[in-house]
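Reader: I am new to protein models and would like to learn how to read one feature at a time. Could we go through this one together, slowly?

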Amino acid sequence: GGWFTVSTVIGPIMVYFDRFMLSYVLGAKSVAFYTAPSELVVRMLSLPSAVGRTLFARLSNTPKGNEHIIYWLGMASLGLMTTIIAGPLFVFAEPLLVLWLGEAFRGESAKVFQILLIGFVINAIAQIPFANLQAKGQAKLIAILHCVETIPYLILLYILTSKYGLIGVAWSWTLRILADTLILLYFNKLRGGLYE
């Protein structure tokens with residue numbers, strides 16, 4: 001329970017580190033041009049997160065040897081579902097942001113939105129290996145991963161924000177999500193009980 005709490009506290013905090021870094025490096029006025037598309041993506045994450053929580057219960061109670069079907073089917077389904085949602089948003093990012101928030105959000109904010117949408121799809125896929133590790137009692141492993149990746153993420157965030165501004169912040173978030181997903185997939189291979 002304690003390790004699960006560490007993970008559920010650190011994870012959401014890392015989601016919002018980007019705004020603090022952006023404000024620190026580029027000033028508060030640039031935060032709005034990042035926050036609007038970022039908030040939309042963060043709100044969209046509640047859908048794959050809900051599916052992951054639902055599958056957590058299923059993965060916990062599935063007889064040993066059968067969980068791999070739920071695992072792979074869950075990842076494929078979430079990947080496909082979120083790609084279907086994110087695809088049109090990616091293609092029409094600029095007109096949608098301009099329609100929603102006005103001309104000031106043309107250009108760089110639209111590119112930020114597109115980059116974050118890539119992270120959204122990757123994060124959706126990560127919900128299944130995350131849920132499976134939790135279901136197999138590996139909460140400590142996930143909590144340690146979140147603790148360990150915090151400092152490298154802050155360094156990457158600072159470097160990319162300083163060099164590329166809003167685009168750098170978006171890529172930092174998406175690259176962290178990608179690294180997190182790849183590590184979770186690897187941990188599932190080692191400890192997730194899928195290959196025994």
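**Reading salt bridges, packing and surface**

Author: Arg 106 counts as partly exposed, at 42% relative accessibility; here buried means under 20% relative accessible area, exposed over 50%, and partly exposed in between, with a 1.4 Å probe and protein chains only. This is a predicted model, in which local features need pLDDT of at least 70 and side-chain atom pairs count only at pLDDT 80 or more, while totals for chains, interfaces and linings use all residues. Residues are numbered from 1 along each chain as its sequence is written, and side-chain values use heavy atoms, with hydrogens and water left out.

Reader: How many helices and strands does the chain have?

Author: Helices (H or I, at least four residues) and strands (E, at least two) are DSSP runs, numbered from the N terminus. The chain has eight helices and zero strands, and of its 196 residues 48% count as buried.

Reader: What does Glu 94 form with Arg 106?

Author: A salt bridge is a side-chain nitrogen of Lys or Arg within 4 Å of a carboxyl oxygen of Asp or Glu. Glu 94 and Arg 106 form such a bridge, with their closest N and O atoms 3.4 Å apart. Because Glu 94 lies in helix α5 (residues 93-101) and Arg 106 in the loop between α5 and α6, the pair ties together parts that are twelve residues apart in sequence. Glu 94 is partly exposed, with a relative accessible area of 28%.

Reader: Which residues are linked with Arg 106 in a network of salt bridges?

Author: The network links Glu 94, Glu 103 and Arg 106. The side chain of Arg 106 also meets that of Glu 103 in a salt bridge, at 2.8 Å from N to O, and Glu 103 counts as exposed, at 53% relative accessibility.

Reader: Is Arg 176, which forms a salt bridge with Glu 149, buried or exposed?

Author: Arg 176 is buried, with a relative accessible area of 8%, and Glu 149 is buried as well, at 10%. The closest N and O atoms of this pair are 3.6 Å apart. The bridge links distant parts of the chain, with Arg 176 in helix α8 and Glu 149 in helix α7 (residues 139-164), 27 residues apart. The structure holds four salt bridges.

Reader: At what angle do the axes of α4 and α6 cross?

Author: Two packed helices are described by the angle between their axes and the distance between the axes. Axes are lines fitted to C-alpha atoms, for helices over the stretch in contact, and angles run from 0 to 180 degrees between N-to-C directions. The axes of α4 and helix α6 (residues 108-135) come within 9 Å and cross at roughly 165°. That makes α4 roughly antiparallel to α6, since angles under 35 degrees count as roughly parallel, over 145 as roughly antiparallel, 65 to 115 as roughly perpendicular and the rest as oblique.

Reader: Is Val 91 buried or exposed?

Author: Val 91, whose place is in helix α4, is exposed, with a relative accessible area of 57%.
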